[in-house]
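Subject: Structure for you to look at

Hello,

Here is the structure I promised to pass on. Please open it next to these notes, which follow below.

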Amino acid sequence: MNKFKVAYSGAIILLAALAAAGGGALVLKAIGANPLEIYKTILTGPFTDMFGMTEILVRAVPLILVALGIAIAFRSGIINIGAEGQMLIGILAATATALHLPAAWPKWEVLPLVILAGAIGGGFWAGIAGTLRARLGVNEILSTVMLNYIAAQFYTFFLRGPMIDPGELETGSGTPQSMRLPESAILSRLVPGTRLHTGLILALVLCVVVYFFLWHTTWGFRLRAAGAEAKAARYAGIRVEGSLVTAMVLSGAFAGIAGAVEVTGVHHRAIENITSGYGFAGIVVALFGALHPAGIVPAAVFFGLLLVGADMTQRSAGVPANMILVLQGVIILSIVSAKMYLNNAYAQERAARFFGRFFAKPASDEAKTGGQA
Amino acid sequence: MSETHGIVYNILSLGVPFSVALLLASLGENFNQRAGVFNLGCEGIMCMGAFLGFLPPYFLKAGPWAPYAHLMGFTIAMAAGVLLGLLFALVTVTFRAEQGIAGIGLQMLGWGVAGTLFRHFIGGVTGVEGLTAWAIPGLSRIPFLGGILFNHNPMVYVAFAMVPASWYILFKTPWGLKVRAAGTAPRAADSMGINVNRVRYQALMLGGALAGLGGAYLSLCQAKMFADDLVAGRGFIAVALVYFGRWSPLGIMGGALLFSLAQTLQLAIQVGGIKFPYEFAVMLPYVLVILVLSLARKARMRGPSHLGIPYNREMRY
């Protein structure tokens with residue numbers, strides 16, 4: 001039984017991966033590129049030097065953080081598409097905090113406050129959607145998407161207006177960006193000469209925290225119960241509406257932390273296009289990682305690789321950067337399609353019966369017990 | 001004609017054509033949701049429609065086919081919409097995937113494909129000829145109202161004709177009854193011999209065609225150009241309008257007009273010299289969506305009860 005189940009799951013995953021790669025290949029073919037070449041560059045290109053390899057991890061850090069938040073939300077029965085906007089608000093809050101704290105304060109006092117500010121900013125922004133869902137039944141997918149657009153406008157407003165670097169106004173170049181963060185608000189580098197920063201450690205620690213929170217605390221259990229079966233949870237005395245808001249706020253807080261880490265670790269000032277799509281890629285990472293911290297870390301590294309690789313193909317083969325959106329889209333579609341067959345004993349049994357015809361006795365015997373298990 | 005009179009006239013006569021893209025996409029989404037499928041991929045389909053619709057007029061600027069370029073554009077956009085609707089149906093109806101997330105996947109796919117092809121084949125900003133306005137003889141001469149309602153490009157009339165047409169289809173034809181049954185009582189429909197999944201496939205294809213057409217209108221008639229971020233969330237707004245309009249074509253038309261009027265009003269305010277940050281003006285429609293959804297709380301009671309639930313005839317509920 002087990003052997004068949006492994007083979008079955010493996011086959012479904014393989015089919016989904018093939019469908020995703022095939023979908024991407026069609027588009028690559030349409031723009032006259034060689035899909036195999038491009039895929040090869042994406043998957044192996046970043047490994048050619050130290051910078052490329054560390055860059056994968058640099059991309060993985062925000063992806064892990066965003067995906068953790070999205071996993072919390074999805075597991076609690078509320079869908080958060082708004083990580084992009086929550087990151088932006090988190091970045092605004094973190095940057096403003098970093099610029100207003102006394103510059104003489106030591107790093108270990110400033111950085112936690114800055115990251116906390118990011119978490120509060122992101123949590124607040126997500127809380128709007130969570131509250132609207134719990135109180136007024138507003139579809140959270142639509143509201144978070146709208147809040148993304150609104151946050152993007154807020155962000156450019158602050159960068160062009162109240163938070164613009166005074167230096168930009170003096171020189172007259174007027175690039176919309178904030179002042180450089182003080183040294184005390186900057187995450188130190190892990191590997192000198194690269195952009196890899198200590199945010200990676202924070203992300204990994206938070207993975208463990210989220211795992212313990214969701215699977216080893218009552219609070220986490222309540223959230224998951226409300227998400228798995230709202231009616232039963234309500235009957236058991238869990239306040240489902242309240243847990244939706246909690247889950248959403250936590251989810252946004254993680255996106256906010258991702259933003260704060262990105263600005264303190266990589267860019268050192270708030271700039272335009274700072275999120276570079278991490279909020280959306282994080283959704284794919286969370287789904288790809290089966291909404292579990294242990295799956296999210298490898299998934300984030302894989303997507304980090306895709307992002308760095310896609311940048312390389314843009315430079316070397318002239319494949320537009322939008323290609324990464326195409327890949328993300330087909331990956332989402334194939335994951336959600338495959339999911340239905342992965343945990344479906346009935347579909348599995350049917351497949352077993354079908355293949356049993358070709359593989360004589362053992363497979364069909366296994367299928368019979370498999371169907372009853 | 002007094003000055004305020006002129007301003008009101010301008011806002012209204014601009015607002016009507018501005019509503020068309022939203023109206024078409026939203027009427028299409030209404031078919032999807034009436035059949036029980038929540039299609040957030042509308043945004044992605046509009047992106048593809050906008051891009052593909054833009055191609056014929058762009059490439060056939062001169063030549064024997066030029067007069068038909070717009071018609072070809074609209075047709076191609078609708079065909080692409082049908083195909084993407086089919087893809088979405090495969091994922092959500094056959095594979096019974098979670099519709100909200102699948103919709104986001106389709107949105108990324110449509111947006112990404114349109115952007116990739118655009119950057120590769122066209123690149124920069126280039127305009128196309130729009131459709132010329134066609135004043136309806138007689139009606140367009142009605143004072144004040146004539147110019148607001150009856151002096152637009154032909155697509156405006158097509159879109160507004162779709163409102164009674166989609167009402168008729170939904171409420172007066174056997175197929176419309178099947179669609180509504182698939183969304184409210186799929187099991188009962190199934191027991192009456194209706195193939196629920198087939199009806200959902202058909203509704204998704206029709207909805208896709210309308211969304212594609214809406215997208216093409218955006219690039220061909222409204223902006224008269226294409227850019228990556230041309231659609232800018234209109235697909236999502238169209239989905240919200242279905243809630244706002246309580247799944248009725250007339251209500252949806254009201255919502256679409258409300259949105260386009262808010263937009264033209266905001267443009268008029270900016271042109272009129274009243275200063276407030278540009279970013280807040282852009283934000284306005286999105287804030288309006290959230291407000292509208294918050295106020296439409298009770299509407300959900302009237303919605304298709306099986307909205308978002310895949311139909312599985314082998315499962316007991």
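A:His268 sits in the loop between helix H11 (240-267) and helix H12 (278-288) of chain A; helices (H or I, at least four residues) are DSSP runs, numbered from the N terminus. Its phi is near 65°, a positive value in a residue other than glycine. A:His268 is partly exposed, because 18 other C-beta atoms lie within 10 Å. The cut-offs are 20 or more such atoms for buried, 12 or fewer for exposed, and partly exposed in between, with C-beta atoms placed from the backbone.

This is a predicted model, where local features need pLDDT of at least 70, side-chain atom pairs count only at pLDDT 80 or more, and totals for chains, interfaces and linings use all residues. Residues are numbered from 1 along each chain as its sequence is written, and chains are lettered from A and ligands numbered from 1 in the order in which they are written.

In chain B, B:Trp247 lies in the loop between helix H11 (234-244) and helix H12 (249-271). Phi of B:Trp247 is near 60°, again positive in a residue other than glycine. B:Trp247 is buried, with 21 other C-beta atoms within 10 Å.

Between the chains, 37 residues of chain A are in contact (C-beta atoms, placed from the backbone, within 7 Å) with 38 residues of chain B. On the side of chain A that touches chain B, the largest share, twelve residues, comes from H14(A).

Regards

How values were computed. Helix = DSSP H or I, 4+ residues; strand = E, 2+ residues; numbered from the N terminus. Contact = placed C-beta atoms within 7 Å.
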